[in-house]
Protein chains: 2
Amino acid sequence: MRFVLASASPARRALLQAAGVDPEVIVSGVDEDQESGPPGELALILAEHKAQAVAERLALNSATALLEPTVVLGCDSVLERDGVAFGKPASAEEAVARWCDMRGQEGVLHTGHCLIALNHQPAGHRSVSALASATVRFGTPSDTEIDSYVATGEPLHVAGGFTLDRLGGWFVDGIDGDPGTVLGLSLPLLRRLLADLGISVPSLWTQ
Amino acid sequence: MRFVLASASPARRALLQAAGVDPEVIVSGVDEDQESGPPGELALILAEHKAQAVAERLALNSATALLEPTVVLGCDSVLERDGVAFGKPASAEEAVARWCDMRGQEGVLHTGHCLIALNHQPAGHRSVSALASATVRFGTPSDTEIDSYVATGEPLHVAGGFTLDRLGGWFVDGIDGDPGTVLGLSLPLLRRLLADLGISVPSLWTQ
């Protein structure tokens, strides 16, 4: 089974690797700023666009390579606060302002997932997709802590301007949902999508 | 600041490293089976014993080394189900039986934390401790998935017989609380304990 991750996110790749799957990464090139809509819908649509773009490229370029069973996974994450979608902060100033606004508050992290099983004929591709959402309860970092955190550069590279498993973990008090959803890829949801396509999780484990 | 982790857990060390702190690991040698009591209380007492054992060893062996400000962190985790504490499974058979019993159910993962700031005089040590607890909602792996998971050996090395961030992540549907608590060390709780001792989190970041 060839497992292709249609995402440049190091967090998603690391999460899959820790969970026994070593994906081949093919970045979709989809422009995340081209879409708009309600935050959850947006994450799902972008996940589908990413998976479709990579699936089409693979189907066009390598008919023979598809002799090997191949799945493509696209994911996209946004943070929703007060009905507004927040992706990566555009600048350090924006990251600081967002943290000053969201400390002590809650948000919802949405991650869209789209899984496509490739067939020799594009018409035979099978696609399943679903959204995972988790509530995030932000801690109360001081102004100094926010400045120090943003100065590390970490918030600028991640949806919502925070991580859960790296430096940002100090400043998130808790979540309600799957932590993977907050990191960018929900393993239990992916397990259900794989089952829909007749693929068992242990069959993917490389070790 | 010398930061000593009084625990052999690779997950705790990795969590601290990802969060910017590269701890010195000194294993306490405390026998986890010597204590009993309600699960949360047990985790807290064992965390305290681990930190105290390492703090005493450091204070005895290296009066000069204590010229450098030093803190010692002890942690201990247990899974509570129906009032009973579950540590590491003793055998593959026990791990399989536990998973058959806990799939589709909930449990509470308790992690006790004890942080000691060393002084030149043992009587001058300052110690703070606290318990973090998180609800874990287990997924519903099939018998085949449970067998495959236990065959990897992973469940035998961890409290409760599961991980959240490795292979076990496929079979945990969600949590309510800090994911770090489930992994064995809660960063937001540690941030509060550090603050109690007058230490700021960014001052510990090595990068």
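Predicted model: local features only at pLDDT ≥ 70, side-chain atom pairs only at ≥ 80, totals over all residues.
## Two chains around a two-fold axis

The buried residues of α6(B) pack against β7 of chain A as well as against β5, β6 and α5 of chain B.

Which residues of α6(B) are buried? They are Leu187(B), Pro188(B), Leu189(B), Leu190(B), Arg191(B) and Leu194(B). Past the end of the helix, α6(B) is followed by Gly198(B), which has a positive phi, near 80 degrees.

Now for the contact between the chains. Rotating chain B by 180 degrees, with 0.0 Å of shift along the axis, superposes it on chain A with an RMSD of 0.0 Å. The two copies are therefore related as by a two-fold rotation axis. If you want a landmark for that axis in chain B, look at Asp176(B): its C-alpha is the nearest one, at 2.2 Å. Both copies use the same surface, since 100% of the contact residues of chain B turn up again in chain A.

In terms of counts, 26 residues of chain B are in contact with 26 residues of chain A. On the chain B side, the elements giving two or more residues are α4 (143-151), β7 (172-177), α5 (179-183) and α6 (187-196). Which of them gives the largest share? That is β7(B), with six residues. Sorted by class, this side of chain B has twelve nonpolar, seven polar and seven charged residues.

The β7 strands also meet directly: β7 of chain A (residues 172-177) and β7(B) run antiparallel and are joined by three bridges. Within that pairing, Ile175(A) has Gly177(B) as its bridge partner.

Back inside chain B, β5(B) (residues 106-117) is another strand that α6(B) packs against. Ten of its twelve residues are buried, so β5(B) is largely enclosed by the rest of the structure. It pairs with β3(B) (residues 70-81) in the antiparallel sense through ten bridges, and with β6(B) (residues 126-138), again antiparallel, over twelve bridges. For a residue-level handle, Cys75(B) is bridged to His113(B) in β5(B), while Gly112(B) sits opposite Leu131(B) in β6(B).

| Strands | Sense | Bridges |
|---|---|---|
| β7(A) and β7(B) | antiparallel | three bridges |
| β3(B) and β5(B) | antiparallel | ten bridges |
| β5(B) and β6(B) | antiparallel | twelve bridges |

Finally, the nonpolar core. The largest one has 118 residues, and those with the most contacts inside it are Ala51, Val72 and Ile116 of chain A and Ala51, Val72 and Ile116 of chain B. What does Ile116(A) touch, once neighbours within four places in sequence are set aside? Its contacts are Ala51(A), Ala55(A), Val71(A), Val72(A), His125(A) and Ser127(A).

Terms used: Residues numbered from 1 in each chain as written. Chains lettered and ligands numbered in written order. Least-squares fit on C-alpha atoms with pLDDT ≥ 70 in both. Contact = placed C-beta atoms within 7 Å. Helix = DSSP H or I, 4+ residues; strand = E, 2+ residues; numbered from the N terminus. Nonpolar A, V, L, I, M, F, W, Y, C, P; charged D, E, K, R; others polar. Pairing = 2+ DSSP bridges. Buried ≥ 20, exposed ≤ 12 C-beta atoms within 10 Å, placed from the backbone. Core = buried A, V, L, I, M, F, W, Y, C linked by C-beta atoms within 7 Å.
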